[in-house]
Amino acid sequence: MRNLHLLLPLAIVLVSCQQKNGEEAALEIVADEVEQSSTETVAQEIEAVALDWEKIPYSHADIGVFPYFTLPEGLTTRNRIFDKKYDVCFFPINGTMTPFEGRLYKVDVVGEEDFSKRYFEKSMEDYLLSIGAVKIFEGEISSDEYYRFSPQDYNMGNAGGIGYVGENIHFYALRSKEQGNIYIQFTSDNAAGKLNVLLEEAFVQTMTKVLADEIVSDLSAKGKSILHINFEVDQSAIASDGKEVVRQIAKALQQDPSLHVSIEGHTDSDGDLSHNKKLSNDRAYAVMRFLVSEGIEQSRLTAKGFGSEKPMLPNDSESNKAKNRRVELVKVK
């Protein structure tokens with residue numbers, strides 16, 4: 001009897017251990033399944049934002065030139081047209097706003113008299129299908145998706161911004177052997193519509209290093225060399241990459257010791273006129289001091305700032321303003 005009392009606790013411990021081991025094994029199986037499920041989910045998410053162009057047939061239609069079609073009769077653009085040679089636009093792949101880059105055209109669409117949502121959408125859909133475009137997505141994106149992608153899309157506030165919560169987005173892809181991959185999306189309500197067209201293109205780097213030989217050549221042929229020297233924002237301090245440009249100016253002046261130049265600073269039209277003139281003058285003198293520190297005699301140099309008084313181009317776009325923010329090296333003798 002006493003032996004029986006000893007065996008019972010031992011049996012309970014063994015059963016308990018077996019039960020515990022079974023539970024741990026079951027938990028391990030569940031954990032493996034969760035991990036596998038998570039991996040599959042990630043794979044699905046990756047697949048969701050991919051567009052397989054090999055599955056989209058080539059269009060055999062004459063699609064014309066970018067942006068490939070006019071607006072339907074009776075409709076016109078509102079505000080300035082957004083037309084960039086290279087930019088980024090987000091398109092919904094299975095509801096995930098995905099960035100693509102290339103030539104970009106975006107417009108707001110209104111009626112010359114009244115706007116009809118059905119007329120705009122029917123016109124767009126029928127025409128796109130007639131030239132071989134394929135519908136990729138139609139629907140709304142979630143509010144979570146909007147808050148995820150919108151901070152990355154710095155063009156949302158411009159004409160033709162698409163991707164807001166509540167917008168029913170129509171997204172089509174058009175594959176052309178001659179022109180490449182083309183993305184079209186549009187949306188509308190009872191008052192107006194929006195349209196985006198993007199021709200996918202790879203980025204081409206056009207920046208090159210300013211070389212002393214080019215500066216000498218410009219001074220000889222044109223009497224001046226137009227340079228874009230980077231400064232710290234709203235300051236006369238020369239930025240690190242700007243210093244490399246000034247060193248090339250020094251090398252150019254060292255090639256011809258008889259050369260005398262005027263260093264002339266220019267700004268765009270943004271901001272206060274007197275502030276811009278002082279800033280451009282300070283920057284011109286900063287360049288002169290740097291050249292002296294590189295061994296150029298100060299007697300060969302003069303400096304002056306003109307602010308926004310002598311623009312190269314009208315200050316009516318960010319691109320033109322960037323070109324107006326410059327330093328000109330003018331040959332004196």
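Modeller: Glu-167 forms a salt bridge with Lys-194 (a side-chain nitrogen of Lys or Arg within 4 Å of a carboxyl oxygen of Asp or Glu), and its closest N and O atoms are 2.4 Å apart. This is a predicted model, in which local features need pLDDT of at least 70 and side-chain atom pairs count only at pLDDT 80 or more, while totals for chains, interfaces and linings use all residues. Residues are numbered from 1 along each chain as its sequence is written, and side-chain values use heavy atoms, with hydrogens and water left out.

Colleague: How many residues apart are Glu-167 and Lys-194?

Modeller: Helices (H or I, at least four residues) and strands (E, at least two) are DSSP runs, numbered from the N terminus. Glu-167 is in the loop between α3 (143-149) and β4 (169-176), and Lys-194 is in strand β6 (residues 193-200). The pair links distant parts of the chain, and the separation is 27 residues.

Colleague: Is Lys-194 buried or exposed?

Modeller: Buried means under 20% relative accessible area, exposed over 50%, and partly exposed in between (1.4 Å probe, protein chains only). Lys-194 has a relative accessible area of 16%, so Lys-194 is buried.

Colleague: Which residue meets Asp-268 in a salt bridge?

Modeller: Asp-268 is itself buried, with a relative accessible area of 6%. The N to O distance in its salt bridge is 2.6 Å, and the partner is Arg-325.

Colleague: Where is Asp-270, the salt-bridge partner of Lys-321?

Modeller: The side chains of Lys-321 and Asp-270 meet at 3.0 Å, N to O. Lys-321, at 12% relative accessibility, counts as buried, whereas Asp-270, at 37%, counts as partly exposed. Lys-321 lies in helix α7, 51 residues apart from Asp-270, which is in the loop between β8 and α6.

Colleague: How many salt bridges are there by this rule?

Modeller: Some are joined up: Lys-224, Arg-326 and Glu-328 are linked in a network of salt bridges. By this rule the count is 16.

Colleague: Which residues have the most contacts inside the largest nonpolar core?

Modeller: A nonpolar core is a set of buried Ala, Val, Leu, Ile, Met, Phe, Trp, Tyr and Cys residues joined through side-chain atoms within 4.5 Å. The largest one has 27 residues, and the elements giving two or more residues to this core include α4 (212-222) and α5 (240-255). Those with the most contacts inside it are Ile-229, Ile-263 and Leu-291.
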